[in-house]
Amino acid sequence: MTTFEHVVHAPFIDMKDENIVRSLTGEFQVPVMMENEANLSAIYERDFNEAGLYLNTITVSIHKGIGAGIIIDSQLYRGLNGEAGEIGRSIMMDANVGMLDNFRKVEDFCSEDAIIGFAQGVKEDPSLQRDDLVDLFRSGDNDIKKILDEFTTAIAKIIFNVASEFDPEAIFINSPLIDELPSLLEQIRQKYQLISRNRTRIRLAKDSQHATLLGACSLITHRVLKMDDYALKFV
């Protein structure tokens, strides 16, 4: 199991090339491991939930940004520099195909933060947050329904791309917003089926609130027991 010590990309915090592992090890005098949120979510699904039934899965994590945790042959795949699964940084094609200085990334328009930002703009309320978005949707607000309809269409396309590239047995979606509004999952499934002949299973990941924490617990347990390459099932 590869251990990374440097943050390669941090879109929301300026890490200033800080060696996190070295700093925390020196501060607390304990071994330190570092892993990203999407990968930990994938480990959690593999070791605690239904994903453990499959050899090859993708967990798409939709929070402040968007990332994918990739499990191949039951092992986490990180890539050469630990950047595998950074689907939120994918560049979207638009009318300005020849332009390199004018592009949008996936997470600019379909991460949870982006969706909340759109809702804040439409409702002219910069204080609006996820709970408000959920309440407005449940009350039948047409503006919010339109925003979330576009959101589910975008996520269906992302899943189509991920499924086309990796051909996993199942794709799990880790999203607090979809946790609150599970009808969005059915929209995503229906839209995915319209654009894909592939019948990849699309599941809602369990317990998005604690997935990262429990994934980290599993990672640490594997390391402490010196069983990095062994399957452990937690109940």
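Trainee: Which residue does Asp 47 form a salt bridge with, and how far apart are the closest N and O atoms?
Mentor: Asp 47 pairs with Arg 46, and their closest N and O atoms are 2.7 Å apart. A salt bridge here is a side-chain nitrogen of Lys or Arg within 4 Å of a carboxyl oxygen of Asp or Glu. Keep in mind that this is a predicted model, where local features need pLDDT of at least 70, side-chain atom pairs count only at pLDDT 80 or more, and totals for chains, interfaces and linings use all residues. Residues are numbered from 1 along each chain as its sequence is written, and side-chain values use heavy atoms, with hydrogens and water left out.

Trainee: Is Asp 47 buried or exposed?
Mentor: Asp 47 is buried, at a relative accessible area of 2%. The cut-offs are under 20% relative accessible area for buried, over 50% for exposed, and partly exposed in between, with a 1.4 Å probe and protein chains only.

Trainee: How many salt bridges turn up in the whole structure?
Mentor: The search finds twelve. Among them is Arg 130 with Glu 112, whose closest N and O atoms are 2.7 Å apart. Arg 130 lies in helix α5 (residues 130-138) and Glu 112 in helix α4 (residues 112-123), so this pair ties together parts that are 18 residues apart in sequence. Helices (H or I, at least four residues) and strands (E, at least two) are DSSP runs, numbered from the N terminus.

Trainee: And how accessible is Arg 130?
Mentor: Arg 130 counts as partly exposed at 27% relative accessibility, while Glu 112 counts as buried at 6%.

Trainee: Which residues are linked in a network of salt bridges?
Mentor: Lys 123, Asp 141 and Asp 143 are linked that way.

Trainee: New topic: how many disulfides are there?
Mentor: Zero, from a search of the whole structure. A disulfide would be a pair of cysteine sulfur atoms within 2.5 Å. As for cysteines, Cys 110 is buried at 1%, and Cys 217 is partly exposed at 37%.

Trainee: How many aromatic pairs does the count give?
Mentor: Two aromatic pairs. Rings of Phe, Tyr and Trp (its six-membered ring) pair if their centres lie within 6.5 Å; planes under 30 degrees apart count as stacked, over 60 as edge-to-face and the rest as tilted. Tyr 44 and Phe 48 make a tilted pair, 5.2 Å centre to centre with 35° between the planes. Both lie in helix α2 (residues 37-48), four residues apart. Phe 48 also forms a stacked pair with Phe 234, at 4.9 Å and 15°.

Trainee: Which parts does the pair of Phe 48 and Phe 234 tie together?
Mentor: Phe 48 lies in helix α2 and Phe 234 in the segment after α9 (211-224), so the pair ties together parts that are 186 residues apart in sequence. Tyr 44, Phe 48 and Phe 234 form one aromatic cluster.

Trainee: Last one: what pLDDT does the protein average?
Mentor: The average is 85, and 87% of the residues score at least 70; pLDDT is the predictor's confidence in each residue, from 0 to 100. Among the elements, strand β4 (residues 91-92) has the lowest mean, 70, and α5 the highest, 96.
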